[in-house]
Amino acid sequence: MHASPPFTSLPRPDDEPWLQQALALAEQAIGLTDPNPRVGCVIVSTDGRLLGQGHTQAAGQAHAEVMALRDAQEQGADVRGATAYVTLEPCAHHGRTPPCCDALIAAGIARVVSALGDPNPLVAGQGLARLHAAGVRAELLPVAHPLAVAASELNLGFLSRMQRGRPFVRMKVAASLDGRTALANGVSKWITGPAARRDGHAWRRRAGAVLTGIGTAREDDPRMDVREVQTARQPQRVLIDSRLELSPQARLLQPPGQLLIYHALPDPGPRGAILAAHGAELVATPGADDKPGKVDLAVAIRDLGQRGINELHIEAGYKLNGSLLRAGLVDELLLYVAPLLMGDGRGMVDLGALTALEAAPRFTLLDSTVLEGDLRLRLRPAGSSPPL
């Protein structure tokens with residue numbers, strides 16, 4: 001849900017560079033603000049001078065608008081009559097912090113230009129309406145404007161959680177030219193090179209949670225944390241383990257952070273007690289009658305949304321990958337292709353035996369990037385549209 005006219009309007013030519021700068025600030029909030037959205041704010045005087053700027057801080061701390069106002073105050077700038085450019089509609093409710101629209105009104109801001117409306121039911125146009133009622137000129141970009149689309153892409157997870165009640169799900173796969181993710185004996189380190197692995201960690205950093213399956217946990221003993229790039233916070237680690245088979249010595253149970261395990265047992269029993277004693281949180285999400293003993297993946301992902309997870313990053317084996325794709329739970333595929341052939345081995349995804357090409361999942365290519373010899377493809381299911 002978005003604010004409706006009279007707020008929607010095209011930006012003036014001199015607005016766009018400031019909105020671009022606000023977006024660049026919002027990008028600095030990646031890996032910091034979850035579960036809050038990534039927001040940037042720039043305050044500009046009537047004669048085109050930068051007065052203050054900032055981006056949203058960690059949850060419970062200042063939002064972008066307050067950071068920009070503080071920056072202006074520290075520089076001794078008078079913001080009365082100025083324009084504030086924000087990448088997301090200023091909030092209008094009391095959460096962990098007071099409403100940002102009230103802070104802008106109290107500071108004497110005369111005009112607010114928002115790249116994107118806030119779909120949070122607690123806001124959803126009320127921020128702009130409150131600004132308008134206070135005499136502030138409130139403007140909102142059309143949803144199809146390139147800067148609005150950029151703001152939406154930056155906060156796909158937040159928009160997904162607000163609109164669909166679940167995270168935006170991104171599946172990462174590293175494979176050879178012949179589509180293998182591991183040799184027949186299970187060896188998979190390393191298919192791609194260092195640059196691709198660093199890039200993969202940068203995408204982990206974006207996520208509120210990183211999820212894998214028990215097969216990967218047993219064979220690779222991964223840590224599933226962010227190591228190759230700097231981050232202000234570690235994502236929640238999540239495991240799909242229907243029968244609670246994880247070893248108490250697994251690295252998933254070691255710092256940093258707690259492990260969340262979704263299982264399908266009616267009673268976690270002694271194995272569950274041992275894992276809980278090692279700090280794991282256990283959540284029973286048994287599947288329907290046609291899938292006894294299996295975790296209901298849709299229920300697990302919706303539960304992650306209720307826990308404030310905006311983006312969910314999947315790094316799992318071909319069986320869990322196939323289950324997620326068959327259930328229609330994957331919003332984006334992040335595929336790293338290495339220039340090598342591996343012969344017999346494990347595939348990327350188990351879709352079963354398809355009998356017609358019409359049944360094959362198709363994807364739309366968003367972009368491709370070469371990373372020191374490896375190729376990264378970013379794709380979304382054909383016909384899908386991201387949250388707006």
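## Sheet, helices and cysteines

In this predicted model, helix α1 (residues 16–27) lies across β1, β2, β3 (83–86) and β4 (111–114), and runs at about 145° to β1. Helix α2 (residues 64–74) lies across β1, β2 and β3, with a direction at about 140° to β2.

The strands themselves, five in number, form an open sheet of mixed pairing, in which the order is β2-β1-β3-β4-β5. Because β2 (50–55) and β5 (137–140) each have a single partner strand, they stand at the edges of the sheet, and one side of each is left without a neighbour there. From one strand to the next, the twist averages 15°. Strand β1 (residues 40–44) runs antiparallel to β2 and is joined to it by five bridges; within this pair, Cys41 has Gly54 of β2 as its bridge partner.

Which cysteine sulfur is nearest to that of Cys41, and how far away is it? The structure holds zero disulfides, and for Cys41 the nearest cysteine sulfur is that of Cys100, 8.6 Å away. Cys91 is likewise in no disulfide, since the sulfur of Cys100, the nearest to its own, is 3.6 Å away, whereas a disulfide requires a pair of sulfur atoms within 2.5 Å. Cys41 counts as buried because its relative accessibility is 0%, and Cys91 is also buried, with a relative accessible area of 7%.

| Cys41 | Cys100 | 8.6 Å |

Technical notes. Residues numbered from 1 in each chain as written. Predicted model: local features only at pLDDT ≥ 70, side-chain atom pairs only at ≥ 80, totals over all residues. Heavy atoms only, no water. Buried < 20%, exposed > 50% of the residue type's maximum accessible area, 1.4 Å probe, protein only. Pairing = 2+ DSSP bridges. Helix = DSSP H or I, 4+ residues; strand = E, 2+ residues; numbered from the N terminus. Axes fitted to C-alpha atoms, helices over the stretch in contact; angles between N-to-C directions. Contact = heavy atoms within 4.5 Å.
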